[in-house]
Amino acid sequence: MRRFLKWLAGLTAAVVVIGAVIFFVVVPPYVENARNNVIDHDPYPVSDTAAALHETLIVGDLHADPLLWSRDLTERGTRGQVDIPRLIEGNVALQVFTAVTKSPAGQNYEANSAEAFDNITLLAIGQLWPLRTWDSLKERAIYQAEKLHQFEAASSGHLKVIKTRADLDAVLEARARGEKVVGGILGIEGAHPLEGDLANLDPIFDAGHRVFGLQHFFDNELGGSLHGTGNTGLTEFGRQVVAELAKRPVVIDLAHSSPQVARDVLAMTDEPLIVSHGGLHGFCPVKRNYPDDLMKEIAATGGVIGMGYWADVTCGDIAPAGIAKMIKAAIETVGEDHVALGSDYDGSVETAFDTSELAALTSALLDEGLTEAQIRKVMGENMVRVFRQQLQ
């Protein structure tokens, strides 16, 4: 009996070890790979004219979520859609890296409860994030900012975290000299990391975040989500946060906010606003895409609308040719000065190309009949204008 109990204890310990290895080592990369798939495809056509033009562009992307995952972004990945080497291959000058801090189980575009089980808690534990992040949304935002700064330190000069207008200009000047450097801009996807306390804005700002989304997939202390349960506007706390953000060198992002929150923010501020990632309702009439009249109001602030690369916002073709068609429609709707790129790379979306393949998008835009000046604006100049105005 004693021998059996000893054997059983050993077996139990082995099962625990195997289970821990599976949970902490095997599951996180498996989940990431499944959630951020790039469809198998042959190389997309890139004309000689497009390739030459692409090398001269300032390319910027308003939204990607690789900081959520357990990858070294200084290495070219075999999974996911974006990292520093692939950004350099795609000639990307500016990338917004967004911190995702809460995501409801059963996430959908129609209606989500703020009380639903939070998937990011499980991900934080499974990826062995610091203990302080397991029960604090604020600490999750700060930790993901710390990760980007660590990648910057380990990048041999290929990544520069941008916090100021001078940082932005320095990156663009370095690239003009031929240096292979990407400017990373930090942001939060939803302001629930404030945890209902305006004082928490300081540590999140000090961590480097300069793009502030107000909501994600659920209603929060600031107001209603586009995917929440009530389509409510800004709360009193939300108004306090927006008023404070308007005083700071940051960009306010309305992606995922309810239409009423967007209208409340428009009524409160006169600064350029962005919708970092999404699509055009007139092109793809789904709830995820704001109505065109609201998009026009946001554009009228001097802001920009980031065009996403996934099927839920394009209603179909997600190859470069399909994205180019949506961009052309957006230009016709809100104007060439107000359209930008907003991939949502590594944001649990399937795409048809990763960031290293952006020359194919330039080629597709030429095929759609866009002028060189329009392509330069959409691919990055519009984004640069907004950030140069807002950063100090």
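Helices (H or I, at least four residues) and strands (E, at least two) are DSSP runs numbered from the N terminus. The structure is a predicted model, in which local features need pLDDT of at least 70 and side-chain atom pairs count only at pLDDT 80 or more, while totals for chains, interfaces and linings use all residues. Residues are numbered from 1 along each chain as its sequence is written, and side-chain values use heavy atoms, with hydrogens and water left out.

Helix 13 is mostly covered, seven of its 10 residues being buried. The buried residues of helix 13 are L358, A360, L361, T362, S363, A364 and L365. With contact taken as heavy atoms within 4.5 Å, these buried residues of helix 13 pack against helix 2 (48–54), strand 1 (59–64), strand 2 (92–99), helix 12, strand 9 and helix 14 (372–390). Helix 13 is followed by G369, whose phi is positive, near 95°.

A nonpolar core is defined as a set of buried Ala, Val, Leu, Ile, Met, Phe, Trp, Tyr and Cys residues joined through side-chain atoms within 4.5 Å. The largest such core has 78 residues, of which L214, L254, Y290, I298, I327 and L361 touch the most other members. Helix 12 contributes the largest share of this core, eight residues. When residues up to four places away in sequence are not counted, Y290 touches L226, L254, S257, S258, P259, A262, V275, H281, M295 and I298.

S225 is placed in the loop between strand 5 (209–213) and helix 8 (236–245), and it is buried, with a relative accessible area of 2%. Not counting residues up to four places away in sequence, S225 touches Q215, H216, F217, F218, D219, H256, S257 and S258. S225 and L254 are 29 residues apart in sequence and 9.7 Å apart in space, C-alpha to C-alpha. E139, in helix 5 (residues 137–153), is also buried, with a relative accessible area of 19%. Leaving aside neighbours within four places in sequence, E139 is in contact with R132 and T133.

The structure holds one disulfide, a term that covers a pair of cysteine sulfur atoms within 2.5 Å. This disulfide joins C284 to C315, with an S to S distance of 1.9 Å. It links distant parts of the chain, 31 residues apart, with C284 in the loop between strand 7 (274–278) and helix 10 (292–300), and C315 in the loop between helix 11 (311–314) and helix 12 (320–334). The link of C284 and C315 is right-handed, with 70° about the S-S bond. C284 counts as buried because its relative accessibility is 0%, whereas C315, at 44%, counts as partly exposed.

Pockets were identified on a 1 Å grid over the protein atoms alone, a pocket being an open set of points where a 1.4 Å probe fits, with protein on both sides within 12 Å along at least five of seven lines, and lining residues having an atom within 4 Å of a point. Grid points are joined across faces, edges and corners, and a volume is the space filled by probe spheres set on the points. The largest pocket has a volume of about 630 Å³ and is lined by 32 residues, of which R35, S103, Q107, N119 and S348 lie nearest its centre. Helix 1 (2–35) and helix 4 (119–126) each supply at least two residues of this lining. The second largest pocket has a volume of about 230 Å³ and is lined by 13 residues, of which E55, L57, N91, R175 and A176 lie nearest its centre. Helix 6 (residues 165–176) gives the most to the lining of the second largest pocket, with three residues.

S348 lies in the loop between strand 9 (339–341) and helix 13 (358–367), and its phi is near 65°, a positive value in a residue other than glycine. At 28% relative accessibility, S348 counts as partly exposed. E195, in the loop between strand 4 (182–188) and helix 7 (201–206), has a positive phi of about 55° although it is not a glycine. At 35% relative accessibility, E195 counts as partly exposed.

Key:
Buried means under 20% relative accessible area, exposed over 50%, partly exposed in between (1.4 Å probe, protein chains only).
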